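Let us walk through this model, from one side chain out to the whole chain. Keep the viewer open as you read.

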Amino acid sequence: MTAPAIAEEALADPVGLIVRLVSNVETHLNADRIRGVVCRLVRTRAGRRNLAQDLHGNPSLLRTGKPPAPFRVAKLLMALHEAGAQDTALPRCGECGRPRPYVGSRSGGRWGCSPCFDTPAVCAGCHQQRRVVSRDRYGQPRCGKCPDSDGDPLTELTQLITELDPALAPHTVRTALERSTKRPAGQRRLAWAVIDRPELLTSVGHEASTPAMLRFIAELVAAGATAVVKPACPRCHGVKALSKLLDGQRICRACFARHAAVPCARCGSVREPATRDAAGQPLCPNCLIRDPVNLEICVGCGRRQPVAVRLADGIRCNNCRPKEVRECAHCGRTAPCELSRATGQPWCERCQQRWVTCSGCGTVAQARGGTWEKPLCAKCTNPDPGFWGRCPVCATTWQLSPRPCQRCVLDQKIRDLLGDGTGTIGPELAAFHAALTGAERPDVALAWISREKARDLLERIGRDERPVTHDLLDEIPPGKVLAHLRSVLVATGALPPRDERLVALEK
């Protein structure tokens with residue numbers, strides 16, 4: 001098998017390649033069991049591809065378990081042995097060379113056991129160079145013979161919280177602490193942090209040093225605490241999950257995405273990058289799933305398409321994914337429906353594409369709520385501006401889709417047809433371009449320029465370097481599309497009026 005074919009297999013079916021390589025070595029696990037281990041261990045498509053490339057580049061790792069190699073290989077070996085593998089090797093320590101059921105990672109593709117990787121330090125108790133077992137409340141190392149004797153932080157924490165909120169029992173505080181972090185060292189660090197700064201529980205929880213602090217606060221609130229307050233995002237001030245750390249503060253996912261947003265190297269939309277290409281340029285999520293490398297064969301239509309859903313029988317594209325037949329909440333028809341993210345109600349494809357005059361504000365827009373008789377636009381369906389996103393191109397249209405709105409798509413298509421290669425429209429066609437993009441119903445204009453005859457006609461005019469005149473149009477074979485285009489050009493001022501009947505009579 002040639003190298004290009006190998007690379008293509010790792011891209012197209014990385015899990016299948018991993019299962020085949022492991023099955024060549026391991027006889028005590030069947031293919032389905034190995035596939036389950038791989039899918040549980042590595043959940044992302046990029047991670048599976050990287051693991052497949054690693055194993056194919058050096059399949060001896062499955063028999064030797066010797067570093068240097070990416071740590072994901074060591075995790076696969078450990079997971080296989082937990083599942084009952086006997087023929088594949090345990091990962092070996094890169095220092096002592098012994099097989100270990102658990103190893104830790106270091107930079108440069110090294111992994112090893114704890115005795116070899118632990119760095120000794122001077123113990124704060126006995127002042128001897130020893131292996132570090134724990135650290136005290138000041139972050140100083142402690143050996144196994146010198147535990148921290150500066151009080152019991154868990155008892156101090158329990159007393160502090162029960163005094164702050166007498167409704168909480170001591171065992172409730174201990175239970176919340178155990179659910180927040182399992183390891184005793186983590187529980188002590190959390191307790192010391194709260195003892196040093198009790199305001200973390202009431203006002204400045206967004207300054208928590210670890211996510212365990214936020215889980216602890218949530219557990220106390222769920223247990224009935226009234227004095228303990230869930231922290232709000234310091235940027236949008238919404239009480240929500242603070243999953244990201246920025247400038248020493250815990251912020252929500254949406255605020256972090258806005259902070260990290262940059263122009264996509266392909267489509268130009270300003271969004272948080274989902275990945276980066278080979279040149280290090282940012283790619284938005286939409287361009288990531290539409291990258292030719294990430295397209296897969298849809299079992300419904302048989303074409304290579306972006307993956308919309310993964311089912312038991314294979315992947316489905318957006319057009320082939322199954323839709324439940326229900327009663328549409330907008331028009332009342334029984335048809336294949338999806339749940340609207342704006343209303344939470346089922347709506348059919350016809351209602352998703354419908355343009356209406358909003359019964360609330362009178363603007364012409366796509367229907368996003370209401371009923372068939374009284375439709376509502378996005379702003380009237382949910383007036384909260386924080387609920388909706390914005391079109392990545394014009395930043396004006398309220399929508400939940402990350403793709404450009406129909407009016408921006410129309411503008412780009414017209415520039416592609418009539419532009420000079422850089423998207424610049426000539427001055428003689430500027431009024432015509434403005435009339436099309438400013439149409440009240442951009443979907444109607446999109447449908448017209450998408451027709452083959454209209455598209456070919458506009459493209460022919462755009463390629464011609466001569467100014468647009470009646471004589472230029474007379475060189476084109478006559479037809480209804482040409483007559484309609486000529487009338488639109490006259491109406492927008494791109495062409496002077498003339499008596500078409502007289503011209504026909506002269507001919």
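A polar atom of the Arg48 side chain lies 2.7 Å from the backbone oxygen of Val42. Keep in mind that this model is predicted.

Where does Arg48 sit? It is found in helix 4, which covers residues 45–57. Is Arg48 buried or exposed? Arg48 is buried. Yet Arg48 has no salt bridge. The nearest side chain of opposite charge belongs to Glu296, and it is 7.8 Å away. A salt bridge needs a side-chain nitrogen of Lys or Arg within 4 Å of a carboxyl oxygen of Asp or Glu.

Now look at what surrounds this arginine. Leaving out residues up to four places away in sequence, Arg48 touches Pro14, Val15, Ile18, Cys39, Val42 and Arg43.

The protein chain has 22 helices and 25 strands. Its radius of gyration is 32 Å, while the globule rule gives 23 Å for 507 residues, so the chain is more spread out than a compact globule. Along the principal axes, the C-alpha atoms fill a box of roughly 110 × 65 × 45 Å.

Burial and surface come next. Of the 507 residues, 36% count as buried. The accessible surface comes to about 28600 Å², and carbon and sulfur atoms hold 51% of it.

Finally, consider contacts along the sequence. Among those with a separation of 6 or more, 34% join residues 24 or more positions apart.

Terms used: Residues numbered from 1 in each chain as written. Predicted model: local features only at pLDDT ≥ 70, side-chain atom pairs only at ≥ 80, totals over all residues. Heavy atoms only, no water. Helix = DSSP H or I, 4+ residues; strand = E, 2+ residues; numbered from the N terminus. Buried < 20%, exposed > 50% of the residue type's maximum accessible area, 1.4 Å probe, protein only. Lys, Arg positive; Asp, Glu negative; His and termini not counted. Polar contact = N/O pair within 3.5 Å; in protein donor to acceptor, adjacent residues only side chain to side chain. Contact = heavy atoms within 4.5 Å. Rg over C-alpha atoms; globule rule 2.2 N^0.38 Å. Areas by Shrake-Rupley, 256 points an atom, 1.4 Å probe, with all protein chains shown as cover.
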